[in-house]
Amino acid sequence: MRPKLFFLLLLISALGYSQNTINSFYGDNGTSFLLLTSANSLDHSPTGANQTWNFSQLLSLGNSVHTYAAPTTSELSTYPGTTTNIISTSTQGTTVSTGNLYTKNLSGVVSITGLNTSGLNANFATNNATIGTFPMNYGYTNTDNNVSGNYTYTTYSGTFTGTLVTTVDAYGTLTLNDAGNGAYSGTVTRMKNVLNISLNYGFFSNIGTITQTSYTYCNPTVSTNDFVFRNVTTTSVVPLMSINQTDVTIEKHLTTTLTSIENQAIENSIWIKNPIENSVQINSNHEIENASITITDVLGKTIFKVNNQTINGTFEIPVSLSNGVYLITIDNKNGSITKKIIKE
């Protein structure tokens, strides 16, 4: 099972006791988020009170929108007990994908009942995956050792068992750089979720494992769960399906001002074809005039630069790069956009 198919499983100070609280699992209907990447691995190791996290090399990849709906009669039959269907629509370049996360809220106790996205259907009907009881205060912990159900993925189907551990393990100050939606610095409370899944197929038990760790940073000063930032790392090792990989998903709350939405629409219309070979291909649905294009390595060293370019449709830059990760920045009088380049 490819890691991205599982990332939806967990959409998951002395300033005062109430300010160290995560109030709700559910955000506002129709909330938008930036999909991000980082030039360096993010350090989530600080735990406890009055911590600081400074993530300053974030880059925008696209966006996603979360909407909430009551389950249909058919969905209730498939995922019994479901109270809310969380629909996630993600856009990266010209690629649009949609997923459904089915959840149950019983007197504040939130559990996962099912997942349906991109060829994968995971049904937790045997034993729902309990996230925990909301609101959650700093120091809260919940362990569900009885997660189980069945899955279908392409031509494979079987059962799974596992555990889900939830802790509200830290609070303090989070600082984020401007990644196309403005910088952020403010008080947050953090929830950590660790999901471990063992897959079974036919007569074969434990054909592979999936381990997902998510860190969700929330604004504790609002009545709903004002999710600020999330980092999800999923490691999938399933030899039978020829899968052995790690996937990282990073999201940031998108400010819903008119200007930021317009800027984000333009940024999402520009994408880079990766991995590259002997040239960098920039694709854009918007004409960008008098643009400067700069390619740097992850340490900030300039590898290539050209000025006074017009980008519209497909724009190709012949450039020879060694294998690795680079950043390409497109500037003109209206602003700056940075994307990632991968040379393999």
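How many aromatic pairs does a search of the whole structure find? The search finds 12. Rings of Phe, Tyr and Trp (its six-membered ring) pair if their centres lie within 6.5 Å; planes under 30 degrees apart count as stacked, over 60 as edge-to-face and the rest as tilted. The model is predicted, so local features need pLDDT of at least 70 and side-chain atom pairs count only at pLDDT 80 or more, while totals for chains, interfaces and linings use all residues. Residues are numbered from 1 along each chain as its sequence is written, and side-chain values use heavy atoms, without hydrogens and water.

Strands (E, at least two residues) and helices (H or I, at least four) are DSSP runs, numbered from the N terminus. Both phenylalanine 33 and phenylalanine 227 are buried. Buried means under 20% relative accessible area, exposed over 50%, and partly exposed in between (1.4 Å probe, protein chains only). Arginine 230 lies over the face of phenylalanine 227, 4.2 Å from the ring centre. For this, CZ of Arg or NZ of Lys must be within 6 Å of the ring centre and within 35 degrees of the ring normal.

Phenylalanine 124 and phenylalanine 160 pair edge-to-face, at 5.0 Å centre to centre and 65 degrees between the planes. Phenylalanine 124 counts as buried because its relative accessibility is 1%. Phenylalanine 160 also counts as buried, at 3%.

The largest nonpolar core has 31 residues. Such a core is a set of buried Ala, Val, Leu, Ile, Met, Phe, Trp, Tyr and Cys residues joined through side-chain atoms within 4.5 Å. Ile131, Phe134, Phe160 and Leu199 touch the most other members. Apart from this core lies another, of 19 residues, among them Val280 and Tyr326. Phe134 also belongs to an aromatic cluster with Phe25, Tyr26 and Tyr68.

The mean pLDDT (the predictor's confidence in each residue, from 0 to 100) is 83 for the protein, and 87% of its residues reach 70 or more. Strand S9 (residues 129–133) has the highest confidence, at 97, and helix H2 (residues 258–268) the lowest, at a mean of 45. Over residues 1–18, pLDDT stays under 50. Where pLDDT is low, the predicted coordinates should not be read in detail.

Terms used:
Contact means heavy atoms within 4.5 Å.
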